[in-house]
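Visitor: I would like to go through the charged side chains and the labels they get. Please show me the model.

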Amino acid sequence: MRNDRTQIAGYPIARLRRLRMTETIRSMVRETELSTSDFIYPLFVVPGKGVRKEVSSMPGVFQMSIDQIVRECAEVYSLGIPAVIFFGIPETKDEVGSGAYDEHGIVQETLRAVKREVPGLLLITDVCLCEYTSHGHCGIVRGNEILNDDSVALLAKEALTHAAAGADMVAPSDMFDGRVKAIRALLDDQGFQNIPIMSYAAKYASGFYGPFREAAESTPQFGDRRSHQMDPANSLEALREVAQDIQEGADIVMVKPALSYLDVIHRVKREFGMPTAAYNVSGEYSLVKAAARMGWVDNDRVMMEMLTSIKRAGADLILTYFAKEAANILGRSR
Ligand code: PBG
């Protein structure tokens, strides 16, 4: 809805500052409104009881055992945050990531416990093998190759065990070809037609995942993720990735990371008009925390500015470690 600029009055008739003079008028003409209902809060589950261990590179983020996760989820829900996404760190890892598709795996048991105690919260699961494989790769490895089709079959199995344990939505984060289709087919076949898929559709091979790999204990033991995650230089390719996932049945498409890819978020939203999510990733969080600790930026101000920019770019949903802090601020301003 861009106006033809030649028809817009110029200075001194127009003075753009008129609508900036007070907070009241600013809030009345504000174009983007951040809301607590936009947020999805990521949580890391570890084995044990009473575990609440801070991730050193992510102040304020904790690895928690199931009992603590249940309490955390109750708090998240009471803040008005509608959804969480679970990442599981299993007791033992192996070559084929068995813990990922174990009916009684860590995420599956978490789902059962949280569903029972906090039934109103929407539970999303990250579907990937990297936290469950001994080599830290997202799929099955042969020699130096990360296999596509063999891995996809396991990811579908993983998604099915999540749905069976109470997941309300599954989110494949691997970036292998054809995984959305495989997951959709298996879920439908097993009676889970109504469980949506939020695909990590345009996920880049990014340096901003560094702190997450500490939190999820999923650093690859050799090589990297460049043979499946996207090259940061590409955006047309992101549109192909998204188009393909939509064709395969994705209900929500995600761009990840968020801040270095605001242009991609914008193009994806414009091109497809799909419910669009953006993952404000670990490195983006840690940069703010580190700078704020040094006294170099104001944590709350920078946080709200970043989250607003992600929404302004076109994201409907934001996965963010800031969810609780931002919800507190938004709640106070009501
Ligand atoms: C893979 C996965 C990753 C993240 C979410 N899902 C890491 C990776 O691809 O290496 C990163 C999230 C973040 O950095 O906050 N299971």
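Guide: Start with Glu-23, which counts as partly exposed at 43% relative accessibility. This is a predicted model, where local features need pLDDT of at least 70, side-chain atom pairs count only at pLDDT 80 or more, and totals for chains, interfaces and linings use all residues. Residues are numbered from 1 along each chain as its sequence is written, and side-chain values use heavy atoms, with hydrogens and water left out.

Visitor: Why is Glu-23 called partly exposed?

Guide: Buried means under 20% relative accessible area, exposed means over 50%, and partly exposed lies in between (1.4 Å probe, protein chains only). Glu-23 has 43%, so it falls in the middle class.

Visitor: What makes Arg-26 and Glu-23 a salt bridge?

Guide: The term requires a side-chain nitrogen of Lys or Arg within 4 Å of a carboxyl oxygen of Asp or Glu. Here the N to O value is 3.2 Å, so the pair qualifies. The two residues are 3 apart in helix α1, about one helical turn. Helices are DSSP runs (H or I, at least four residues), and strands are E runs of at least two, numbered from the N terminus. Arg-26 is partly exposed too, at 32%.

Visitor: How do you know that Lys-324 and Glu-72 meet in a salt bridge?

Guide: Their N to O value is 2.6 Å. This pair links distant parts of the chain: Lys-324 sits in helix α11 (residues 323-332) and Glu-72 in helix α2 (residues 66-78), 252 residues apart.

Visitor: Why are Lys-324 and Glu-72 called buried?

Guide: Lys-324 has a relative accessible area of 16%. Glu-72 has 4%. Both values fall under the cut-off for buried, so the label holds.

Visitor: What makes Lys-269 and Asp-316 a salt bridge?

Guide: Their closest N and O atoms are 2.9 Å apart. Lys-269 lies in helix α8 (residues 262-272), while Asp-316 lies in the loop between α10 (299-313) and β12 (317-320), 47 residues away. Lys-269 is partly exposed at 23%, and Asp-316 is partly exposed at 30%.

Visitor: Why is Arg-17 called exposed?

Guide: Its relative accessible area is 56%, so it passes the cut-off for exposed. Arg-17 is in the segment before α1 (23-29).
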